[in-house]
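I opened a notebook for this structure. These are my entries, in the order in which I looked things up.

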Amino acid sequence: MVRENEIRDGEVVVEPPAARDAGLQFIGRISTPWTHRRLCPRQGRQDGPICHIELFEPWVAALEGIERYPQLEILYWLDMSRRDLVLQSPANDGSVRGTFALRSPARPNPIGSSIVLQVARNGSALLVRGLDCLDGTPLLDIKPDRRDFVPIAPPQPGDFEIGEAGTGKAV
């Protein structure tokens, strides 16, 4: 079982550079049934418990039209997570993987992301299924799931560019 701030065999901790403010603003707060990491699911399930997302003012108006999208991408700040692991041992067996090859909450910038099923909107609140974060997690952003979203703005040239795999060059 994982313990808070445990360093497992083979894991590597680094001294992170001094923080620079990126200007992030928490736009709301997420309520879930999970109060401890050992109880929280590792991946959200769209048949999981209903969770509550409450937006703060002045961001409530930004929910206008959200009902059109059955699935949403929720971005949140994993405020209880380590930020100094570069190699992690998720199986706790001594084998390691790089942080960027994992969906672990321990990351340099602990941003969580879930595709959730929208159950209902009630004013400044959304009810959703599919989250995998602790109760009280700060909300960063909400977007329609890209699979359900069709751009509304007129097309622009880059929308039609294609390229050869691996070349980085447009064709």
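**Ground rules.** I took helices (H or I, at least four residues) and strands (E, at least two) as DSSP runs, numbered from the N terminus. This is a predicted model, so I kept to its limits: local features need pLDDT of at least 70, side-chain atom pairs count only at pLDDT 80 or more, and totals for chains, interfaces and linings use all residues. Residues are numbered from 1 along each chain as its sequence is written, and side-chain values use heavy atoms, with hydrogens and water left out.

**Backbone.** I looked up the loop between strand 3 (50-55) and strand 4 (71-77), and Pro58 is there. The peptide bond from Glu57 to Pro58 is cis, with omega near 10°. I then turned to Asn92, in the loop between strand 5 (85-88) and strand 6 (97-98). Asn92 is not a glycine, yet its phi is positive, about 55°. I noted the background: most residues other than glycine have a negative phi, and most peptide bonds are trans.

Asn92 is partly exposed because its relative accessibility is 40%.

I count two strands as paired if DSSP finds at least two bridges between them. Strand 1 and strand 5 have two bridges, in the antiparallel sense. Val12 has Leu87 of strand 5 as its bridge partner. Strand 5 and strand 6 also run antiparallel and are joined by two bridges. There, Gln88 has Arg97 of strand 6 as its bridge partner.

**Surface patch.** Which residues form the nonpolar patch on the surface? I found Val12, Val14, Val86, Leu87 and Val96, with about 300 Å² of accessible area together. Areas come from the Shrake-Rupley method with a 1.4 Å probe, and for residues only the protein chains shown count as cover. Patches take residues with over 30% relative accessible area and no salt bridge; like charges are joined within 9 Å, nonpolar side chains (Val, Leu, Ile, Met, Phe, Trp, Tyr) within 5 Å. Val86 is found in strand 5. Val86 counts as partly exposed because its relative accessible area is 36%.

**Thr99.** I moved on to the loop between strand 6 and strand 7 (111-122), where Thr99 is found. Is Thr99 buried or exposed? Thr99 is buried, because its relative accessible area is 4%. I listed its contacts (heavy atoms within 4.5 Å). Not counting residues up to four places away in sequence, Thr99 touches Leu85, Val86, Leu87, Gln88, Ala106, Arg107 and Pro108.

**Core.** I defined a nonpolar core as a set of buried Ala, Val, Leu, Ile, Met, Phe, Trp, Tyr and Cys residues joined through side-chain atoms within 4.5 Å. The largest has 23 residues, and Ile53, Ile74, Leu131 and Ile142 touch the most other members. Strand 3, strand 4, strand 8 (125-129) and strand 9 (137-144) each give two or more residues to this core. I checked Ile53 beyond four places in sequence: among the residues touched are Arg29, Ile30, Ser124, Val128 and Leu139.

**Salt bridges.** How many salt bridges does the structure hold? I found five. Each has a side-chain nitrogen of Lys or Arg within 4 Å of a carboxyl oxygen of Asp or Glu. One of them joins Arg8 and Glu6 at 3.8 Å, N to O. Arg8 is buried, because its relative accessibility is 12%. Glu6 is partly exposed at 24%. Another joins Asp47 and Arg45 at 2.8 Å, N to O. Asp47 is exposed at 51%, and Arg45 is exposed at 52%. I also noted Asp84 and Arg82, which meet at 2.9 Å, N to O. Both Asp84 and Arg82 are buried.

Technical notes. Buried < 20%, exposed > 50% of the residue type's maximum accessible area, 1.4 Å probe, protein only.
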